[in-house]
Amino acid sequence: MAKVKILIADDQDDVHKALRLLFRKENFETVSVFSYEKTVDVIRANDVDLVLMDMNYVRGETSGRQGLELLAQITELDKTLPVIVMTAWGSIELAVEAMRNGARDFVLKPWENERLLSIIHNQLELARALKSNQRFQQQISDMAQEQKRDFIAESPAMAPVLDTIDSVASSDANILITGENGSGKGVVAKVIHAASGRNQQAMISVNTASIPESVFESELFGHVAGAFTDARADRMGRFQLADEGTLFLDEIATIPVNLQPKLLRVLEDGQFEPIGSSKTCHVDVRVISATNANIDDEVKNGSFRRDLLYRLNTIHIHLPPLRERREDIIPLANHFLAGYRSKYRKDIEGFEQNVVDFMLKYQWPGNIRELDHAIERAVLMAKGTIITLKDIALKASGESGPDFAHMTLEEMELWAIKNAMAKHDGDISKVAGVLGLSRAALYRRIEKYQFNEI
């Protein structure tokens with residue numbers, strides 16, 4: 001591990017000697033400079049971690065003018081570089097002015113060794129955190145650009161969706177996204193978050209259908225140690241994790257009715273209490289929710305509160321199924337092909353023309369998710385540099401069904417789910433009923449087969 005390098009800027013040789021001796025015990029490397037004119041050049045030539053500088057460089061001078069000029073130059077050069085100023089006992093006002101102009105802390109001459117070392121260690125740790133945060137912010141910015149780049153929506157059917165996103169993404173309005181399974185609700189949520197003023201903070205995603213009712217409240221709002229039998233330690237809920245960011249609640253229609261009032265409260269005033277705690281927590285969260293269900297029907301039959309729906313759907317975005325946005329099929333297919341070609345290191349140039357024709361005619365009951373899986377399988381199965389109909393392995397409408405005799409149990413289950421989804425337009429309640437499953441059991445299988453929104 002590289003040594004910490006500290007630059008000492010002071011016109012007195014005895015100050016340098018005393019500091020070098022002190023820092024040697026801490027295993028710090030030091031760089032000395034005796035005039036304020038040369039300090040910035042020395043900083044540029046040396047990868048220093050901290051600057052410890054005097055405010056006056058001419059004997060008898062007490063105004064600190066040179067120190068303030070130097071501080072301004074260092075701050076302009078590198079805003080993350082911590083600067084600690086040294087002043088005499090009678091110069092507290094000068095130290096305060098230096099702090100206002102970018103210094104991180106100050107020490108009075110003659111200094112106390114323990115206090116000086118404490119300040120240095122604290123500022124080094126803070127500088128590391130700031131640099132790490134800068135790298136994180138750059139990663140966030142890159143991810144936001146990537147989300148926008150990967151969002152393919154060239155068809156006329158997607159124009160209203162794009163217009164709505166452009167209009168509301170920068171606001172804090174709650175948004176409800178509806179559409180069939182696999183139509184891209186999760187991607188739209190990510191694009192909205194990336195285009196919002198909260199994109200420097202986290203987007204926390206929760207599939208509400210996959211959370212057992214017994215732990216649902218804890219998952220969203222957290223708990224304190226001892227709140228129930230298995231609560232051995234405090235746990236932060238998803239709302240706290242998403243504070244100042246975005247919370248994406250997928251399959252919102254599956255939230256148990258008895259828990260909906262607590263969700264309504266936090267949407268109304270940002271307040272809640274973790275399980276077992278009497279302390280009220282406050283959060284600032286933008287909520288984006290999604291469902292494939294007919295939410296109005298859920299309200300009519302009493303399984304979803306009308307007032308909660310009003311809080312969730314300040315803005316409503318409906319995503320058309322892939323069969324209604326055919327102009328996007330080939331661009332999406334090429335996008336997935338590029339990703340899987342790289343992932344699996346396959347030298348594949350593209351699709352046969354009959355594959356392109358087939359994809360444009362196919363109904364895509366599983367929407368974008370089905371297209372994604374079909375392209376992944378085709379890339380894996382392709383023997384040559386061009387994907388053929390055999391590789392794509394999809395059956396046109398009216399053809400015979402799958403060969404169950406040569407399928408595994410999981411493959412048959414997956415086919416049954418996809419087939420039911422296609423027949424019932426992704427209506428989870430109907431699909432679960434046809435398959436003889438509860439909604440929660442169906443969602444567990446959807447999770448198992450990685451039916452995540454794409």
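The secondary structure of this predicted model comes to 19 helices and 14 strands. With a radius of gyration of 30 Å, well over the 22 Å that the globule rule gives for 454 residues, the protein is more spread out than a compact globule. Along the principal axes, its C-alpha atoms fill a box of roughly 95 × 60 × 40 Å. Of the 454 residues, 46% count as buried. Among contacts with a separation of 6 or more, 70% are accounted for by residues 24 or more positions apart.

**Surface and charge**

The accessible surface amounts to about 23100 Å², and 49% of this area belongs to carbon and sulfur atoms. There are 54 positive and 66 negative side chains in the protein, and the centres of these two sets lie 3 Å apart.

**Aromatic pairs**

A pair of aromatic rings is described by the distance of the centres and the angle of the planes. A search of the whole structure finds 8 aromatic pairs. One of them joins Phe221 and Phe239, which are stacked, at 5.5 Å centre to centre and with 5° between the planes. Phe221 lies in helix 8 (residues 213-221) and Phe239 in helix 9 (residues 238-241), so the pair ties together parts that are 18 residues apart in sequence. Phe221 is buried, at 2% relative accessibility, and Phe239 is buried with a relative accessible area of 2%. For Phe358 and Tyr362, the ring centres are 5.5 Å apart and the planes stand at 25°; because planes under 30 degrees apart count as stacked, this pair is stacked. Phe358 counts as buried at 14% relative accessibility, as does Tyr362 at 12%. Ring pairs also link Phe221 and Phe239 with Phe272 in a cluster.

**Tyr443 and its contacts**

Tyr443 is placed in helix 19 (residues 439-448). Its relative accessibility is 2%, which counts as buried. Leaving aside neighbours within four places in sequence, Tyr443 is in contact with Ala209, Glu251, Thr254, Asn292 and Ile428. Between Tyr443 and Asp269 there are 174 residues of separation in sequence and 31 Å in space, C-alpha to C-alpha.

**Backbone features in loops**

The peptide bond from Lys109 to Pro110 is cis, and its omega is near -5°. Pro110 is located in the loop between strand 5 (105-109) and helix 5 (113-150).

Positive phi values occur in Asn27, a residue other than glycine, where phi is near 65°, and in Trp364, likewise not a glycine, where phi is about 50°. Asn27 belongs to the loop between helix 1 (13-25) and strand 2 (29-33), while Trp364 is in the loop between helix 14 (353-361) and helix 15 (367-381). Asn27 counts as partly exposed, at 46% relative accessibility, whereas Trp364 is buried, with a relative accessible area of 0%.

The table lists relative accessible areas for residues discussed above.

| Residue | Relative accessible area | Class |
|---|---|---|
| Phe221 | 2% | buried |
| Phe239 | 2% | buried |
| Phe358 | 14% | buried |
| Tyr362 | 12% | buried |
| Tyr443 | 2% | buried |
| Asn27 | 46% | partly exposed |
| Trp364 | 0% | buried |

Terms used:
Residues numbered from 1 in each chain as written. Predicted model: local features only at pLDDT ≥ 70, side-chain atom pairs only at ≥ 80, totals over all residues. Heavy atoms only, no water. Phe/Tyr/Trp six-rings, centres within 6.5 Å; stacked < 30°, edge-to-face > 60°. Helix = DSSP H or I, 4+ residues; strand = E, 2+ residues; numbered from the N terminus. Buried < 20%, exposed > 50% of the residue type's maximum accessible area, 1.4 Å probe, protein only. Rg over C-alpha atoms; globule rule 2.2 N^0.38 Å. Contact = heavy atoms within 4.5 Å. Areas by Shrake-Rupley, 256 points an atom, 1.4 Å probe, with all protein chains shown as cover. Lys, Arg positive; Asp, Glu negative; His and termini not counted. Charge placed at Lys NZ, Arg CZ, Asp CG, Glu CD.
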